[in-house]
Amino acid sequence: MKSESLVRLVRNESGLPIEPLYTAADLEASGGTAMLGQPGKYPFTRGIHPQMYRKQPFTMRQYTGFGNAADTNRRFKYLIDNGQTGLNVAFDLPTQCGIDSDDPLAEGEVGRVGMAVDTLRDFETAFDGIDLDKITVSLTINGAAACLIAMYLAMAEKRGFDLKRLRGTAQNDILKEFVGRGTWVFPVQPSIRLVGDTIEYCAEHAPKYSPVSVCGYHIRESGATPTQEMAWAFCIARAYADEVIRRGMPVDEFAGRLSYNFNIFGNLFEQVAKFRAGRGLWAKIMKEEYGAQQPGSMWLRMIAGGGGGGLTLEQPENNIVRGAYYALIAALSGAQTMALCCYDEAYTIPSEYAQRISLRTMQLLVEEMGLADTVDPLGGSYYVETLTNRMRDEMERIIHETDAAGGIVALISDGTIQSRVSAQAYRMQRAIESGAFPKVGVNRYRSDGAEQHEVEMHPYGLDDARAQIASLQGVREQRDASAVARALARVETDARGGVNLMPAIVEAVKAYASVGEITRRLVGVFGRYVEPLRFDHRDPAEQAT
Amino acid sequence: MIDARTIKVVLAKPGLDGHDQGAKVVVRAMLDAGFDVHYTGLRQTPEQVVAAALRGNADVIALSSMAGSHLPFCTRLKPLLEQAGLGARLWVIGGNLPAQDHAALRALGFKGVFPSGSRLDAICDFIRENLP
């Protein structure tokens, strides 16, 4: 159907025109079913496994952590008792930035937005009584990822779990931290080196552990479109793969443990098409560009999270409904793992009540709605298949454009990507404020404050911070000071020497060296990241992509 | 009314919070409003905010806080700004600021309090109208 004759023109957020009706002719014109295939077979557009959720429903993994390790351990057990099948650990900002709880820079932030972790002792407490063979743990940690992966492996080993069989994930995607989220520590190049070190180390010592979860999620939160989100995540994953391959490790020895974290908000069909398109494109990149042979190396394994960017402060109860749609999208898209931002998350650390609603939302899909019965239920829809093809073409175009402009590492290092996404976020904010981009409860169907649902605010007390500092000081007094000094000296030597840093970091965490102590040694060698602050891309004409 | 060209803003991200999408959007709105804006970037200590404000001879000292540490941070910042002779400049703060904290922020000297959901033009208009 010709767009010109329509009552209103529609484009999705990725900029693609949307027609009122799709037919076999549209699908053919978009490339047909060449990239469709069968689930479990290359190019995996329909799913990475033949039976998907029929064999194993998506893992439910709410982002959780606050206060100290004991507080968080109680919330973990509450969620597990309520049927959650994985854990996703939120760390406080000092931990994420590699700063100890007793550092003046941590004042006011200890235990506030996540769990405070200083030493291995905190991990021992946080995971006490949790069966790490049954519950897989995801660590949302980036700037300090090498330390916390080392700590997780040391904790598991100490409790007698076999590292060769240990599963779990670390976020450990530092390049996206430079674009959004901001918990960087070191400059770009040593940061990439550390990611390479963790991938190499885990491939050898914990081969089932996923040391990196490449995040389109936060790039999208920062203002990227859905196609940019996925295309730039692939560019970032290639940068890490290139680093490891450059060291001599064959692609099939590590690529199967790379995973992804993507965002869900906005148009339902655009999101589903994004995930289906991305699966085919990643498989193609790994096979054709990297020469991967193992199917696992070509799998786009992902957590798809209902994103904060879609939720609103206004009429927060609407966020429960949005969350349900986001969960439905994740299930229709074949995500391996699902998480939802909670309805109260625009205000506060989610309450147990809000966390349970999110968990029940995901369980309802499996238990009542039939989402775990049949693979890729939207497959074959003229609309979804056509859009999947168009979205994949657009992602490829963005990847080529990024490569041609110098590559993702260069474009993040000089602030180009940051400037582009913030210009887009600004335009979106203006569109929401003008009403041009609809947002229910914000620029449509507003209600006055009187009928607003009250949100229970998460309490924060300075006593928690004092207790954490006392606990850290207790560990410092009890540990073998000479073992710590030796281990930290080795961290520094290895950082200068250019060998893989993980063995030295593992030794240090086992000696109960703190995250801050290890990070300071590394900063002494690597220095700190300096943000390239740019506010160009102000001319909308430049924003064609 | 001062010419908009002369309004100098130093906008800072206090503490360890890395969520800067909102701060950068506000910077762009201020640039479009014709303000002279210096954005500090992330991880600013109270001392660094004061130094940036002095360096830029800021008419307006603006903070963007998303991670909940606004009250302890502003409590430490207030005496430093006053000691530096910046007590009479316009202090504003935006971000994830629960309603229960607004009175405390105003009492600390933050005349403009802009929780998430505030309109960009409302922020710029407030600054124009409340310059010392």
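Student: Leaving aside neighbours within four places in sequence, which residues is Leu148(A) in contact with?
Tutor: Leu148(A) is in contact with Val117(A), Leu139(A), Ile141(A) and Ala170(A). Contact here means that C-beta atoms, placed from the backbone, lie within 7 Å. By the way, this is a predicted model, where local features need pLDDT of at least 70, side-chain atom pairs count only at pLDDT 80 or more, and totals for chains, interfaces and linings use all residues. Residues are numbered from 1 along each chain as its sequence is written, with chains lettered from A and ligands numbered from 1 in the order in which they are written.

Student: OK, how confident is the predictor in the complex, what ipTM and pTM?
Tutor: Both the ipTM and the pTM are 0.96.

Student: Switching topic: what order do the five strands of the open sheet in chain B take?
Tutor: The order is β2-β1-β3-β4-β5, with parallel pairing. Strands are DSSP runs of E, at least two residues, numbered from the N terminus, and two of them pair if DSSP finds at least two bridges between them.

Student: And which strands stand at the edges?
Tutor: β2 (36-39) and β5 (112-115) of chain B; each has a single partner strand, so one side of each has no neighbour in the sheet.

Student: How many bridges join β1 to β2 in chain B?
Tutor: Four, with β1 covering residues 8-12 of chain B. In β2(B), Val37(B) is the bridge partner of Val9(B).

Student: Last one: how many residues does each chain give to the contact?
Tutor: Chain A gives 30 residues and chain B gives 27 residues.

How values were computed:
Contact = placed C-beta atoms within 7 Å.
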